[in-house]
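Q: I would like to learn how to read a protein model feature by feature. Could you take me through one?

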Amino acid sequence: RTVGETILETDNLVKKFGQFTATDRINLTVERGEFRSIIGPNGAGKTTLFNLITGALPATDGAVYFDGEDITTLSPSERVRRGIGRSFQISNIFGGLTVRENIRLASQSIDRDRYNFVESLFKPTDRYDQMNERTDRILERIGLEDVADETADALPYGDKRRLEIGVVLATEPELVLFDEPTAGMSVEETQATIELIEEVLVDQTLLLIEHDIELVMELSDRITVLNRGEILAEGTPDEIAADGDVQDAYLGG
Ligand code: ADP
């Protein structure tokens with residue numbers, strides 16, 4: 001992973017639900033290529049912050065910049081097309097479709113080839129071949145070539161996780177947000193899933209909400225700690241581990 005210029009920036013981002021302020025003037029800056037984890041107690045505003053970045057929720061105030069452009073008012077699908085991918089706790093997979101069909105469907109959903117539309121009318125096979133090649137590349141990347149024609153529902157647990165990552169990858173993201181991808185998993189499954197994310201999404205910038213602090217400490221480049229809608233601390237795992245405020249508010253002293 002090589003860390004580069006700023007890919008994501010929030011400027012005094014505020015979200016209110018009625019009188020309640022869920023995120024309070026959040027200034028978050030994420031560098032390209034970074035593995036950033038967001039931690040904090042329940043209700044700290046982590047998921048709300050993610051929803052503001054993906055466009056699932058409109059901001060009350062402030063702005064979100066991605067690749068240097070103001071995306072604050074763009075729709076979620078427009079943000080996906082710009083390169084913001086998201087993996088949900090709830091699965092993105094269609095169980096009745098095959099592995100290959102799931103990947104293909106996700107590839108098509110971004111419709112990056114819109115500007116080639118006229119061309120594609122005259123050369124439809126080219127477009128078809130391109131889509132198949134892309135699907136094959138992703139299947140290889142996630143190691144599911146051999147089960148490409150199996151129904152997603154029939155996959156063992158670990159392969160399902162691989163497919164979910166493949167579905168995200170198929171939207172060609174630059175930045176991927178994971179909101180507790182390991183919820184409900186055993187320690188071993190959690191470790192394997194996060195390592196898989198790191199391995200497959202090596203070219204992407206990653207934003208992760210994760211409860212397993214040990215894992216967060218082990219894998220993150222930087223950690224942002226939220227508390228009551230505000231950034232309480234930010235830094236490398238070593239800096240966070242040594243931060244007295246964080247220990248008081250979150251790690252329990
Ligand atoms: P976290 O992900 O850190 O657990 P959330 O972002 O889910 O925190 O929630 C932050 C706070 O905002 C919580 O107190 C939660 O009850 C409140 N909240 C979240 N979504 C809504 C909503 N749609 N309406 C009202 N309050 C909400």
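A: Gladly! Let us begin with strand pairing: two strands pair if DSSP finds at least two bridges between them. Keep in mind that this is a predicted model. Here, strand S8 (residues 175-179) and strand S9 (residues 205-209) run parallel and are joined by five bridges.

Q: Which residue of S9 does valine 176 stand opposite?
A: Valine 176 faces leucine 206 there.

Q: What is the order of the strands in the open sheet?
A: The six strands are arranged S7-S8-S9-S4-S10-S11, and their pairing is mixed. Strand S7 (84-87) and strand S11 (230-235) are the edge strands; each has a single partner, so one side of each lacks a neighbour in the sheet. On average, neighbouring strands of this sheet are turned by 20 degrees against each other, direction ignored.

Q: How should I read a nonpolar core?
A: The general idea is that nonpolar side chains tend to be buried together in soluble globular proteins. In this model the largest nonpolar core has 30 residues, and those touching the most other members are Ile103, Leu144, Leu163, Phe178, Val200, Leu201 and Leu206. Several elements supply at least two residues each, among them helix H3 (99-110), helix H5 (124-141), S8 and S9. The most comes from H6, with five residues.

Q: Where does this core lie relative to domain 1 and domain 2?
A: It lies between them, because domain 1 (1-83 + 173-253) and domain 2 (92-169) both give residues to it. There is also a second, separate core of 21 residues, including Val30, Ile38, Val64 and Ile84.

Q: Is leucine 219 buried or exposed?
A: The cut-off to remember is that buried means under 20% relative accessible area. Leucine 219 has 13% relative accessibility, so it counts as buried. This residue is found in helix H8. Leucine 219 is 25 residues from isoleucine 194 in sequence, and their C-alpha atoms are 8.5 Å apart in space.

Q: Which residues are around the ligand?
A: They include Phe17, Phe20 and Ala22, as well as Pro41, Asn42, Gly43, Ala44, Gly45, Lys46, Thr47 and Thr48.

Q: Where does proline 41 lie?
A: Proline 41 is in the loop between strand S4 (35-39) and helix H1 (46-54). With a relative accessible area of 24%, proline 41 is partly exposed. Proline 41 and arginine 228 are 187 residues apart in sequence, yet their C-alpha atoms are 8.4 Å apart in space.

Q: How many of the nine residues of H1 are buried?
A: Eight are, so H1 is largely enclosed by the rest of the structure. The buried ones include Lys46, Leu49, Phe50 and Ile53. After H1 comes glycine 55, with a positive phi near 90 degrees.

Q: What should I look for in the phi angles?
A: Aspartate 67 has a positive phi of about 50 degrees although it is not a glycine. Aspartate 67 lies in the loop between strand S5 (61-66) and strand S6 (69-70), and is partly exposed at 30% relative accessible area. Glutamate 180 also has a positive phi, near 45 degrees. Its place is in the loop between S8 and H7, and at 19% relative accessibility glutamate 180 counts as buried.

Key
Residues are numbered from 1 along each chain as its sequence is written. This is a predicted model: local features need pLDDT of at least 70, side-chain atom pairs count only at pLDDT 80 or more; totals for chains, interfaces and linings use all residues. Side-chain values use heavy atoms; hydrogens and water are left out. Helices (H or I, at least four residues) and strands (E, at least two) are DSSP runs, numbered from the N terminus. Buried means under 20% relative accessible area, exposed over 50%, partly exposed in between (1.4 Å probe, protein chains only). Axes are lines fitted to C-alpha atoms, for helices over the stretch in contact, and angles run from 0 to 180 degrees between N-to-C directions. A nonpolar core is a set of buried Ala, Val, Leu, Ile, Met, Phe, Trp, Tyr and Cys residues joined through side-chain atoms within 4.5 Å. Domain bounds come from an automatic or database domain assignment. A residue is near a molecule or strand if one of its heavy atoms lies within 4 Å of it.
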